[in-house]
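Thanks for making the time this morning.

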Amino acid sequence: MAEDVRDEVRAWLAESWDAERPLLEWRSLLADAGWGCPTWPLRWFGRGLDAAGAAVVQQEFARAGAVGAASGSGMGLVAPTILEHGSDEVKRLLLRRILTGEDKWCQLFSEPGNGSDLAGLTTRAERDGDEWVVNGQKVWTTGAGHAAYGMLLARTDRDAPKHDGITWFAFPMRQSGVEVRPLRQMNFHASFNEVFLTDARVPDANAVGAVGDGWRVARTTLGHERGLAGRIVAVPPNARGRTAREATAEAADYLKTYEWYPQRAGRPDLTIPQARVAGLAADRLVRQDLARLVAVERTARWSAERARAARARGASNGSPGPEGSIAKLCASEIARASARLHTRLAGAAGMLAGTDPHAPADGVIAEVLISVPAVSIAGGTDEIQHNIIGERSLGLPKEPDAR
């Protein structure tokens with residue numbers, strides 16, 4: 001089976017790959033042929049392959065130096081959600097332009113008063129014929145100023161229980177009634193935005209899943225989000241020509257928003273070099289901290305590899321399971337342990353920004369220390385991940401609601 005797939009995709013690339021094609025033209029060919037997203041169903045721009053077959057396709061694209069489908073939250077979050085819950089109409093409307101990169105997406109989930117308690121959201125949508133009129137406020141929205149669509153959670157039935165009466169919409173961002181305000185972070189980046197929605201409109205046909213069933217749909221999105229961090233389809237290093245240049249520029253523009261994310265993750269890769277610079281590489285306590293950090297990193301990597309192997313065998317039907325929450329918790333622990341170790345190594349000098357000639361690692365350590373708290377909050381707090389694992393995976397009693 002794998003060799004049949006290899007022969008087929010290799011023959012198609014030999015006939016179709018032209019390094020001087022415009023990027024959009026090439027991605028349109030990928031959509032028509034199904035090789036851009038080989039695990040997607042045949043009728044929805046894919047080949048219906050399993051994870052093992054998709055790995056073969058990826059190998060052949062890398063061998064040929066061929067560029068793949070678009071990346072970002074559209075591919076990583078929206079497409080899997082639509083494929084699982086969307087109507088045929090929604091799939092026809094949205095999937096192809098996600099694959100080609102024509103439509104960028106943002107996430108309109110969190111609100112000022114409802115972050116981790118996402119089901120308590122208050123943004124409301126009221127029916128008006130074939131449309132819904134939306135009013136409310138969202139926050140921590142990455143890429144809102146450039147997105148064509150937003151993954152909107154809105155309350156469509158205010159009388160329903162907390163987790164009911166919510167609907168997931170593919171929300172058009174480029175309309176009157178949508179105001180985007182950038183947020184300045186304490187690490188001097190501005191990756192996030194506030195989004196104010198005032199009598200904005202979304203077609204009823206843009207509901208993903210049934211009206212009122214948005215919480216179930218959102219859980220699919222969040223499950224994929226917990227495995228999204230740092231994931232982007234890179235342009236093969238041997239890629240050349242116009243297609244590769246345009247794809248590289250696209251990836252660079254996308255990654256610009258996330259340029260501080262390595263610091264958010266704690267930069268554990270810098271701990272050993274910084275121990276040497278500080279003359280503490282032989283210190284026994286420092287070496288113990290380094291060993292603990294390496295152990296957690298390796299354990300997290302092995303857990304991720306085990307989860308990928310399970311998906312390749314079809315054990316989870318391609319859907320994210322508890323390993324997403326486990327990975328999120330590991331990332332938080334690695335970031336915090338790295339920050340503690342950087343503090344031990346740099347001392348007070350760790351607070352110096354890059355403008356100071358004495359700043360360790362040209363100010364990167366200072367950025368680490370003020371960025372790391374975000375990793376335990378974004379994508380669901382550590383406390384939420386503990387609840388998910390305990391209640392849904394281990395079958396423990398549900399946490400009491402203080403209200």
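With which residue does Glu-126 form a salt bridge? Please keep in mind as you look that this is a predicted model. The partner is Arg-124, and the closest N and O atoms of the pair are 3.7 Å apart.

Let me now step back to the whole chain. Its secondary structure comes to 13 helices and 8 strands. The radius of gyration is 23 Å, close to the 22 Å that the globule rule gives for 403 residues, so the chain is as compact as a globular protein of that length. Taken along the principal axes, the C-alpha atoms fill a box of roughly 65 × 60 × 45 Å. Of the 403 residues, 46% are buried, and if we take the contacts between residues at least 6 apart in sequence, 71% of them join residues at least 24 apart. The chain exposes about 20300 Å², of which carbon and sulfur atoms supply 53%.

Turning to charge, there are 49 positive and 50 negative side chains, and the centres of these two sets lie 5 Å apart. The structure holds 27 salt bridges, and I have picked out a few of them.

One is between Arg-47 and Glu-8, where the closest N and O atoms are 2.4 Å apart. This pair links distant parts of the chain, since Arg-47 sits in the loop between helix H2 (23-33) and helix H3 (51-64), while Glu-8 belongs to helix H1 (residues 2-16), 39 residues away. Arg-47 counts as partly exposed at 23% relative accessibility, and Glu-8 counts as partly exposed at 42%.

Another is the pair Arg-292 and Asp-289, whose side chains meet at 2.5 Å, N to O. Here both residues lie in helix H10 (residues 284-312), 3 residues apart, which is about one turn of the helix. Is Asp-289 buried or exposed? With a relative accessible area of 19%, Asp-289 is buried, because the cut-off for that class is under 20%, whereas Arg-292, at 49%, counts as partly exposed.

Finally, there is a group to look at together: Glu-3, Arg-6, Arg-10, Glu-60 and Arg-63 are linked in a network of salt bridges.

Note on methods: Residues are numbered from 1 along each chain as its sequence is written. This is a predicted model: local features need pLDDT of at least 70, side-chain atom pairs count only at pLDDT 80 or more; totals for chains, interfaces and linings use all residues. Side-chain values use heavy atoms; hydrogens and water are left out. Helices (H or I, at least four residues) and strands (E, at least two) are DSSP runs, numbered from the N terminus. The radius of gyration is taken over C-alpha atoms; the globule rule is 2.2 Å times the number of residues to the power 0.38. Buried means under 20% relative accessible area, exposed over 50%, partly exposed in between (1.4 Å probe, protein chains only). Contact means heavy atoms within 4.5 Å. Accessible areas come from the Shrake-Rupley method with a 1.4 Å probe; for residues, only the protein chains shown count as cover. Lys and Arg count as positive and Asp and Glu as negative; His and the chain ends are not counted. The place of a charge is taken as NZ of Lys, CZ of Arg, CG of Asp or CD of Glu. A salt bridge is a side-chain nitrogen of Lys or Arg within 4 Å of a carboxyl oxygen of Asp or Glu.
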